[in-house]
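Subject: Structure for your review

Hello,

The structure is below, and my notes on it follow. Please read them alongside the coordinates.

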Amino acid sequence: MRLFGAKEMGQDQTKQQIEKGLQLYQSNQTEKALQVWMRVLEKTTDPAGRFRVLGCLITAHSEMGRYKDMLKFAVVQIDTARELEDPDYLMESYLNLARSNEKLCEFQKTISYCKTCLNMQGTTVSLQLNGQVSLSMGNAFLGLSIFQKALECFEKALRYAHNNDDKMLECRVCCSLGSFYTQIKDYEKALFFPCKAAELVNDYGKGWSLKYRAMSQYHMAVAYRKLGHLADAMECCEESMKIALQHGDRPLQALCLLCFADIHRSRADIQTAFPRYDSSMSIMTEIGNRLGQIQVLLGVAKCWMIKKELDKALEGIEKAQELAEGLGNKLGLLKLHCLCEGIYRTKGQQRELRDHVVKFHECVEEMELYCGMCGESIGEKNNQLQALPCSHFFHLK
């Protein structure tokens, strides 16, 4: 009997310590929370408690941008789930593994782990987690510029959010849809979806983490800048950055710095843009956001083009091309070919110009970025788009 009692005490103590860590984390004492959770991880004999504390560590490391540590804990969590022999735990741990790979821009691995999750149907948690799996999968397809599949996943995630009345998930999907429509240049929808996310935060988000507000404000800032509303973009980005700094959210800080730099570039204030691109690049490199690094290098190249320093622009484009090819990010490659086209046209280098025109059109074909009605390419300029049920797009005339 004493042995049984001791185990129960271990479980209770584990639960108490996890709660203590959560309270510290929620009051922004992140390092103290991590110490508490690491102690639990070392000392607990309760596998379910170990699984829960690993979940806390995964979330915390994700929000701090320590993605390699996040992945390390996700791998340990899978072993713990196998030890527990519970399909619910296993599905959750595979989702965390998918998310870790998504953050590290390992998009093929993300898709593969998401498919593993979706094959584990019939678990009790699958109804709650399917929406999150679809969202992660959509983000990975978006990273690979496979737009139709990305949209299918986001729409599926949205249906799960509505069916389960999961407003937090709905908020996250709206932010991803904002990013999606920014990329294919339907800027009205790119603004509509993060505005909808901000509405959800205002209506339902009193008890939510402030990261949801920060996230929606950031995506609104991006859309406002694309629409040329630079004062609104600056205001939203400042709001987002303030929360990101308060919470030590490094990934969001990097994105906000990139957005600030882009706003200054749009104002042709190149000298103010450069240091912000540098700061953003420094964080993106530290956390391993290679997709973000491509965006920074594109912005910097455009600055050099404004300054007529074409060889410096080409240097940045070359680095970005290596990253985009490594990730399989076709839209990044398309944008780079487009910039090269402009540079070589100015330089009067016809052979290089033709080469990049051909590669640009190959990218458009590969991504199926053609209107289903008029056959013109999509994503060259701001256009209102409509998706067919098969997720192919056409221009809304």
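Arg290 has a relative accessibility of 25%, so it counts as partly exposed (buried is under 20% relative accessible area, exposed is over 50% and partly exposed is in between, with a 1.4 Å probe and protein chains only). Its side chain meets that of Glu106 in a salt bridge, at 3.5 Å from N to O (a salt bridge is a side-chain nitrogen of Lys or Arg within 4 Å of a carboxyl oxygen of Asp or Glu). Glu106 sits in the loop between helix 5 (87-103) and helix 6 (107-118) and Arg290 in helix 15, so the pair ties together parts that are 184 residues apart in sequence. Glu106 is also partly exposed, at 31% relative accessibility.

This is a predicted model, in which local features need pLDDT of at least 70 and side-chain atom pairs count only at pLDDT 80 or more, while totals for chains, interfaces and linings use all residues. Residues are numbered from 1 along each chain as its sequence is written, and side-chain values use heavy atoms, with hydrogens and water left out.

Helix 15

Helices here are DSSP runs of H or I with at least four residues, strands are runs of E with at least two, and both are numbered from the N terminus. Helix 15 covers residues 290-306, 17 residues in total, and its first and last C-alpha atoms are 25 Å apart. That is close to the expected 24 Å (1.5 Å times one less than the number of residues). Its buried residues are Gly292, Gln293, Ile294, Val296, Leu297, Leu298, Gly299, Val300, Ala301, Cys303 and Trp304. Their cover includes helix 13 (250-266), helix 14 (270-287), helix 16 (310-327) and helix 17 (330-347), where contact means heavy atoms within 4.5 Å. Just after helix 15, Lys308 has a positive phi of about 65 degrees.

Other salt bridges

The structure holds 13 salt bridges. In one of them, Glu239 pairs with Arg213, with the closest N and O atoms 2.8 Å apart. Glu239 belongs to helix 12 (residues 230-246) and Arg213 to helix 11 (residues 211-226), so this pair joins parts 26 residues apart in sequence. Both ends are partly exposed: Glu239 has a relative accessible area of 21%, and Arg213 has 26%. Another salt bridge links the side chains of Lys167 and Asp165, at 3.3 Å from N to O. Asp165 counts as exposed, at 54% relative accessibility.

Aromatic pairs

Rings of Phe, Tyr and Trp (its six-membered ring) pair if their centres lie within 6.5 Å; planes under 30 degrees apart count as stacked, over 60 as edge-to-face and the rest as tilted. The count comes to 10 aromatic pairs. One of them, Tyr94 with Tyr113, is tilted, at 6.1 Å centre to centre and 40 degrees between the planes. Tyr94 lies in helix 5 and Tyr113 in helix 6, so the pair connects parts 19 residues apart in sequence. Tyr94 is buried, with a relative accessible area of 13%, whereas Tyr113 is partly exposed at 25%. The ring centres of Phe180 and Tyr181 are 4.9 Å apart and their planes are at 85 degrees, so that pair is edge-to-face. Phe180 and Tyr181 are both buried. One aromatic cluster is formed by Phe147, Phe154, Phe180, Tyr181, Phe192 and Phe193.

Regards
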